[in-house]
Amino acid sequence: MTFRRIRSPRFTIALAAALLSIVGFAQAGPPLICHTFEIGQAKSLPWISHSWNLSGGETYDTRNLVRDTLEILSSDTPVLVRMETLRRATLYARKDPIAAKELLARLHSRATAAESSGHPDALAWFDVGYLAETYKQWLGQNLPHMTDGMRMDPNPAAGVDGYALVKKALALRGPTLHGDDSQMEFAAALITLSGPQDEHRQHTLKAIAGAKSNPLLAQNLATHFMGQQSQTVSELLAQKAASN
C-alpha cells in the first residue's frame, strides 16, 4: 500500500475521526524539536547525526547560521523543509546565543518589512512564529536528560506569541493557495498539541485532509503522531484502507 492510493473522502473522514479520538497521541518529547521532519532530498542545514539531536561531532560553524538559514528559507521552499531547517537551526542556536538572537531578529525584520511595503508575506510570518515556538521548547530549558548539561542562555523568543504569528500566516496563505496550506496546518497542530484543543482539532483535520494528496505530509503525520499501544498513523492508514 502507498499513500498515493488513498483517495476517497470517506477514508479521510474515517481517518480523521480515528485520529481525533486518540488521547495524547503525540510522540514523547518537545514535538517541534525531538523528531526530525522528513524532507526527502531537499536542502537544509548540514546534519550528520543519525538521531534527532546534535551528535557532538558537528563541525558546522554557527557564525554562518543566520546567513545559511535565510538562504534556505526562500519563497519557494516548502513548509516541511522550513520546519526541519528551523528545528536544526534551533539545535545549533543553543550553542551560539548571539546567532540565536540574530536569527529571530532577522526573520522578524523580514516579515515586518514585507508588511510595511504593502505586500505581507505569509511564509515570512510563519518562519518567525514557528522559530519562536521552537525556541521556547529548547532554549532556556533545563533538559539534562536530552542536552548533556549544555548551557542555558535566555530565550530570545520569551514573550513572543509564535502561534499567533503562525495563525496570521495561515490567514494570509489561504487566499494565495485558494484553500488551506496543509503543511502549515500540520505545523500549527504540533504547536497546539497541549492546547487550545479546539484549534488543535481543526488544524489536525486540515492537515489530514491535505495528506490524502501529499505523500510527504502523510509520512510526517505517520512519524509524529501515534495512537494507543503505539499504534501509528501508518497502521491506521492500513486498517482504514483495508475496510474501504
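This is a predicted model: local features need pLDDT of at least 70, side-chain atom pairs count only at pLDDT 80 or more; totals for chains, interfaces and linings use all residues.
**Entry 1: the search.** I began with the whole structure, where the search for aromatic pairs returned 4 of them. I reminded myself that a pair of aromatic rings is described by the distance of the centres and the angle of the planes.

**Entry 2: Trp47 and Tyr92.** I looked up this pair and found the ring centres 5.9 Å apart with the planes at 75°, and since an angle over 60 degrees counts as edge-to-face, I noted the pair under that name. I then asked myself which parts of the chain the pair ties together. Trp47 belongs to the loop between α1 (9-20) and α2 (65-72), while Tyr92 belongs to helix α3 (residues 79-93), so the contact joins parts that are 45 residues apart in sequence. Both Trp47 and Tyr92 turned out to be buried.

**Entry 3: Phe126 and Tyr130.** Here I found the ring centres 5.3 Å apart and the planes at 20°, and because planes under 30 degrees apart count as stacked, I recorded this pair as stacked. Both residues sit in helix α5 (residues 122-136), where they are 4 residues apart, about one turn of the helix. I checked their accessibility as well, and Phe126 and Tyr130 are both buried.

**Entry 4: the surroundings of Trp47.** Returning to Trp47, I saw that ring pairs link it with Tyr60 and Tyr92 into a cluster. I also noted a charged neighbour, Arg87, which lies over the face of Trp47 at 5.2 Å from the ring centre.

**Entry 5: Trp138.** Lastly I looked at Trp138, and found Arg94 over the face of its ring, at 5.1 Å from the ring centre.

Definitions and conventions
Residues are numbered from 1 along each chain as its sequence is written. Side-chain values use heavy atoms; hydrogens and water are left out. Rings of Phe, Tyr and Trp (its six-membered ring) pair if their centres lie within 6.5 Å; planes under 30 degrees apart count as stacked, over 60 as edge-to-face and the rest as tilted. Helices (H or I, at least four residues) and strands (E, at least two) are DSSP runs, numbered from the N terminus. Buried means under 20% relative accessible area, exposed over 50%, partly exposed in between (1.4 Å probe, protein chains only). A charge sits over a ring if NZ of Lys or CZ of Arg is within 6 Å of the ring centre and within 35 degrees of the ring normal.
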